[in-house]
Amino acid sequence: MAYLEHVNLTVADPKKTAAMLSELFGWHTRWEGSVLNGQGYTVHVGSDDSYVAVYSGANPSQTVPKADASYQTRGGLNHLGVVVDDLDAVAPTVNAMGFTAHSHADYAPGRRFYFHDMDGIEIEVVSYA
């Protein structure tokens, strides 16, 4: 059976993004360091089985995409979905970090909300509990 091991996202500050993901989801840094002949930096943050690689090049663009642009851009990342045990426990932390949770919904078989991080990446937080 195949499974998704990781996804690699370009961000402005890999350490800051990794810290945010760790705080929200209880993840840990699996690896970090220079990449692409010292022209970039990556932090791998997640669980023992899968992770998100957050990468920044030597001169990352500081342009943050429009929140809805990914759904109209071929090859764009629509959102990153993360399953949590307790949706209600994560929501206050998202708000305390200065992000705005939106699109709260109950649906079969779970509950969810979304927020955009500091790089404009939409994150879906979902619980099937």
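A salt bridge here is a side-chain nitrogen of Lys or Arg within 4 Å of a carboxyl oxygen of Asp or Glu. With that in hand, select Asp88, Asp106 and Arg111, which are linked in a network of salt bridges. The model is predicted, so to speak of local features pLDDT must be at least 70 and side-chain atom pairs count only at pLDDT 80 or more, while totals for chains, interfaces and linings use all residues. Residues are numbered from 1 along each chain as its sequence is written, and side-chain values use heavy atoms, leaving out hydrogens and water.

**Stop one: the charged network**

Zoom in on arginine 111 and aspartate 88, whose side chains meet in a salt bridge at 2.8 Å, N to O. This pair links distant parts of the chain, 23 residues apart: arginine 111 lies in strand β7 (residues 110-116) and aspartate 88 in helix α2 (residues 87-96). Helices (H or I, at least four residues) and strands (E, at least two) are DSSP runs, numbered from the N terminus. The whole structure holds two salt bridges.

Buried means under 20% relative accessible area, exposed over 50%, and partly exposed in between (1.4 Å probe, protein chains only). Aspartate 106 counts as exposed because its relative accessibility is 63%. Arginine 111, at 32%, is partly exposed, and so is aspartate 88, at 48%.

**Stop two: helix α1**

Select residues 14-25, the 12 residues of helix α1. Colour by burial and you will find Pro14, Thr17, Ala18, Met20, Leu21, Ser22, Leu24 and Phe25 buried. Just after α1, look for glycine 26, with a positive phi of about 70°.

**Stop three: the sheet**

Show the four strands that form an open sheet, in the order β1-β4-β3-β2 with mixed pairing. Two strands pair if DSSP finds at least two bridges between them. At the edges are β1 (6-10) and β2 (28-35), each pairing on one side only. Follow β2 to strand β3 (residues 40-46): the two run antiparallel, joined by seven bridges. Histidine 28 stands opposite glycine 46 in β3.

Finally, bring α1 back into view: the helix packs on the sheet, touching β2, β3 and β4 (51-57), where contact means heavy atoms within 4.5 Å.

How values were computed. Expected span 1.5 Å × (residues − 1). Axes fitted to C-alpha atoms, helices over the stretch in contact; angles between N-to-C directions.
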